[in-house]
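Please look at the structure shown here and follow the report below, which moves from rings and charges to the spaces inside the protein.

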Amino acid sequence: MTTSTRLSSFFAREHARCPTCLEPIPHGADPCPECGEPRGLPNSSAGRPSIADDPPDASWLTMHWRPLVTLGAVATLIFAGVLLRYLAPHRFAPNRATTAHAPVPTTCPSPCWGGEACQLGRCVWQRPNDIGHLTAVPSISGPFSLPKDASDTLLLDDERFAVALLTGTQIRSARTGEVLSLISEAFHSRRLYQVGDMVYATSPQRIYVLHAASPRVLKTIEMGSLVGDLLVGSTGRRVLASLPHLHAVAILATEYHAEIDRIQFGDDTVGPLAVDDSGSRAITITIQNTPPGGREAVGGAAYAFDPGRLGWDQDRVRASLLGNPVSVLMTPDGDLSLVALRAANALAPLRWQPSGAVRQEADRIATCREPEHLELIRSERRAIIRCNEGRAIQILDLTQLSILQNIDLHGRATDVAVSPDNAQAVIAVNSEGAGSLALIDLRTYAVSTVPLSAEPTRVRFSPDGRAVIALSERSKVAWVIR
């Protein structure tokens, strides 16, 4: 008999268990010294103790097999995971996400244009939420008969449009064409321009400032000569007005509607204008008394100037052009200008230098026959070239200076307008006494046609882009297309 067995037998002879707490106590002890209960109570708890004593002759493995099994299961799970990861396909292949693609830049290499935002290193056009364009199948209101002296129209809102007349400026209903009022103070009106909440009406000697909501004349700006082209800056704070007979360009402040400076250009008759978004770079070209379609290869010039500087502080940078310049466009960043040369069937690129001078590129951009007008498309940085004799329009990439698309038309394109969201272009098309509007999707270049009862000559979008007014100067009628 081993020592542990002899000790267990001795312990059993000298001690007994309390029937209440089951603790070992000496024989004859009553009450129990552990729990204080008398030993004479019925032993209802007789049996194995709540915490069993170690069985005699129990080995270490018998007492510890449960934690051993648990540790073994955990170790097996970890080993299986490591083994499967090691045997996975392409375990040691390089990470393509870090080797195949260069890090995505967080800034754009050049400043973004107005209306763009820098996203992942690229300037992306952001379409405003409150503007749009015409539907695929628009409705037509009209034709509305106009007086014989009508020269221009402008949509004020969804319900009204203005008409420039010799007797004043008429306000008419865009639904019925009915005359709502006549602003007789704005007589001899020739052209109408939207300037924020105001309308600028040009006349041979002055500019009328009309409040579109009233409507009434707020102010008259005396110019002293015939007003040619009128250009509103991107911020709306400055307006450039060319004065061909005075060989000058007037700078107008829209905060208080007054002329703040006048820049002279020698003896050249200046006309069309272009300006960048900052308002620090502008360009004007000389005009010739040749009608649309004239093929005379007469000379011309482009003048670069800074509208923010006083007239006496201008450098008068002049670039000679041959080919009858008729239209000019400047990119919003001011780095590039394009001049349409009607007789040369080409565009002349002009690059701005850090010194403020302009340099004419040696290579001209060939276009369709007789380009008459250039219009900027801010989305995707493109431009529209409207050709007179070519009976087409072309889409120009302003980044690569290459023609992206040529869209043939069934007649002469007499005017073009781009929607405020830069998603659609509307072209006035004349063809042998009939007329129509060509609606061009600027994403897919799909063309749809809206037939009209006369030849349109001018088209304008409403401020929100959801309506267009077309004017026929020959037939003196107007249509409102929604």
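## Charges over rings

The charged end of Arg381 sits over the ring of Trp113, at 4.3 Å from the ring centre, where a charge is said to sit over a ring if NZ of Lys or CZ of Arg is within 6 Å of the ring centre and within 35 degrees of the ring normal. The charged end of Arg460 is placed in this way over the ring of Tyr193, 5.9 Å from its centre.

This is a predicted model, in which local features need pLDDT of at least 70 and side-chain atom pairs count only at pLDDT 80 or more, while totals for chains, interfaces and linings use all residues. Residues are numbered from 1 along each chain as its sequence is written, and side-chain values use heavy atoms, with hydrogens and water left out.

## A buried threonine

Trp113 is also one of the residues in contact with Thr331, and the others, leaving aside neighbours within four places in sequence, are Asp276, Leu336 and Leu398; contact means heavy atoms within 4.5 Å. Thr331 is found in the loop between β22 (325–330) and β23 (336–341), where strands (E, at least two residues) and helices (H or I, at least four) are DSSP runs numbered from the N terminus. Thr331 counts as buried because its relative accessibility is 4%, the classes being buried under 20% relative accessible area, exposed over 50% and partly exposed in between, with a 1.4 Å probe and protein chains only.

## Aromatic pairs

The structure holds 4 aromatic pairs, and rings of Phe, Tyr and Trp (its six-membered ring) pair if their centres lie within 6.5 Å, with planes under 30 degrees apart counted as stacked, over 60 as edge-to-face and the rest as tilted. Phe144 and Phe161 form a stacked pair, 6.1 Å centre to centre and with 15° between the planes. Phe144 lies in strand β5 (residues 140–145) and Phe161 in strand β7 (residues 160–164), so this pair ties together parts that are 17 residues apart in sequence. Phe144 is buried, with a relative accessible area of 8%, and Phe161 is buried with a value of 0%.

Phe265 and Phe305 form an edge-to-face pair, 5.4 Å centre to centre and with 65° between the planes. Because Phe265 lies in the loop between β17 (258–264) and β18 (270–275) and Phe305 in strand β20 (residues 299–305), the pair ties together parts that are 40 residues apart in sequence. Phe265 counts as buried at 1% relative accessibility, and Phe305 is buried at 4%. Ring pairs also link Phe265, Tyr303 and Phe305 into a cluster.

## An enclosed cavity

The structure holds 1 cavity of 30 Å³ or more, and about 50 Å³ of space lies in the largest cavity. On a 1 Å grid over the protein atoms alone, a cavity is a set of points where a 1.4 Å probe fits but cannot get out, a pocket is an open set with protein on both sides within 12 Å along at least five of seven lines, and lining residues have an atom within 4 Å of a point. The lining of the largest cavity includes Leu156, Ala162 and His211, and it divides into 9 nonpolar, 2 polar and no charged residues.

## The second largest pocket

About 380 Å³ of space lies in the second largest pocket. Of its 19 lining residues, the closest to the centre are Glu116, Arg122, Cys123, Val124 and Glu380. Strand β4 (residues 122–125) gives the most to this lining, with 4 residues.

Methods:
Grid points are joined across faces, edges and corners, and a volume is the space filled by probe spheres set on the points. Ala, Val, Leu, Ile, Met, Phe, Trp, Tyr, Cys and Pro count as nonpolar, Asp, Glu, Lys and Arg as charged, and the others, Gly among them, as polar.
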